[in-house]
Amino acid sequence: MTIERVAIIGLGLLGGSIGLACTECLPGVQTTGFDIDPETRARAAQRGLVGQVCDTPAEAVEKADLVIFCVPVGAIPLAAAQIAGSLPAGSIVSDVGSSKQTVSEALRSALPGHIVIPAHPVAGTERSGPDAGFATLFQHRWCILTPEADADPVALSNLRSFWEALGARIEIMDAAHHDLVLAVTSHIPHLIAYTIVGTASDLEDVTRGEVIKYSAGGFRDFTRIAASDPTMWRDVFLHNRSAVLEMLGRFTEDLTAMQRAIRSGDGDALFDLFSRTRDIRRSIIEMGQDDARPDFGRADHGSESDA
Ligand code: NAP
């Protein structure tokens, strides 16, 4: 493990959690951090999210072996441009963005000649900002690395070791495949949650009071996901546009098939689908990616989502 100095750009949920996890799991590693919002910087210093909160991005990265961008994916081009003149040669540039193709391209074009290895820890909650982070966020969660085929093997191995030290399990895939997989496992579910909560709040013949009062019927689980950060999710849909539209096409066809089954009274079709989906839930619990308890065992930090 040769990464000794980590710079974190963006000190919200992900950046703060990486900083806290470094302190807990890699106490020999020095951490610096920068956030564009002065109030976030002040709160990050109070909480000790990183060893040193810097007033400029240049100061944060000037001695770093590893720089991790933890900003919304739409902010990455600007954030990368801001450190272009200060990044030491040979340092690894990475990120935690929820979509990977456009992020990889943005990092490579803003920081030519540097080692770029994008990453996505599939771990998160619906909370954001400098108070949201916690050290155990990445424990037993997958972190997907999306290196180019010719990526520096030593840098890749070092980045892998870094995430493993924070408790994550590593998967390597290409950026295009990542974007397709995450479109179906994360981005479309968020879109469905945002839509159903929007639909319920626009209804005319069912009151808002009734929607809230009877939310335990399923609605409240969607409201948790639909409470996720609007900036982050706007950027995810704009940056993973083609994979999301492809998966949305498939989903719309399946939804139409369900509509047809209900209209024609085809109970077997409904029962078959609902039985198959139950099996998927069981497999997720068996793989340790969720908890069978009704509150998911997560009362302390809000519920997890993947993002
Ligand atoms: P967050 O809590 O909102 O933190 C992001 C922080 O970055 C904010 O404080 C933001 O400040 C700051 N920022 C924006 N532009 C910046 C810049 N140019 N330089 C420095 N700081 C800047 O968001 P998050 O949940 O940590 O998400 C960060 C990234 O992680 C996103 O790319 C997201 O896709 C990815 N991710 C999120 C989750 C999740 O569940 N939330 C899970 C996995 C991956 P302002 O608020 O003032 O703009």
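This is a predicted model: local features need pLDDT of at least 70, side-chain atom pairs count only at pLDDT 80 or more; totals for chains, interfaces and linings use all residues.
What's phi doing at H140? Phi comes out near 65 degrees, and that's a positive value in a residue that isn't glycine.

Now let's move over to the strands, and to strand 5 in particular, residues 92–95. Which way do the residues of strand 5 point? I92 and S94 go one way, V93 and D95 go the other way, and all of them are buried.

Strand 5 has a partner in strand 4, which is residues 66–69. The two run parallel, and 4 bridges join them. If you want a spot to look at, I68 stands opposite S94 of strand 5. And how does the chain get from strand 4 to strand 5? It goes through helix 4, in a β-α-β crossover that is right-handed.

Strand 5 also pairs with strand 6, residues 115–116. That pairing is in the parallel sense too, over 2 bridges. Here I92 has I115 of strand 6 as its bridge partner. To get from strand 5 to strand 6, the chain passes through helix 5, residues 101–110, and this β-α-β crossover is right-handed.

Right, last topic: the second largest pocket. How much space lies in it? About 780 Å³. The lining is made of 42 residues, and the ones nearest the centre are G12, C70, V71, P72 and D229.

Which helix gives the most to the lining? That's helix 10, with 4 residues.

What about the classes? The lining of this pocket has 21 nonpolar residues, 15 polar ones and 6 charged ones. And both domains take part: domain 1 (5–174) and domain 2 (177–297) each supply at least three residues to the lining.

Key:
Residues are numbered from 1 along each chain as its sequence is written. Side-chain values use heavy atoms; hydrogens and water are left out. On a 1 Å grid over the protein atoms alone, a cavity is a set of points where a 1.4 Å probe fits but cannot get out, and a pocket is an open set with protein on both sides within 12 Å along at least five of seven lines; lining residues have an atom within 4 Å of a point. Grid points are joined across faces, edges and corners, and a volume is the space filled by probe spheres set on the points. Ala, Val, Leu, Ile, Met, Phe, Trp, Tyr, Cys and Pro count as nonpolar, Asp, Glu, Lys and Arg as charged, and the others, Gly among them, as polar. Domain bounds come from an automatic or database domain assignment. Buried means under 20% relative accessible area, exposed over 50%, partly exposed in between (1.4 Å probe, protein chains only). Two strands pair if DSSP finds at least two bridges between them. A crossover is right-handed if, with the strands pointing away from the viewer, the path from the first strand over the helix to the second runs clockwise.
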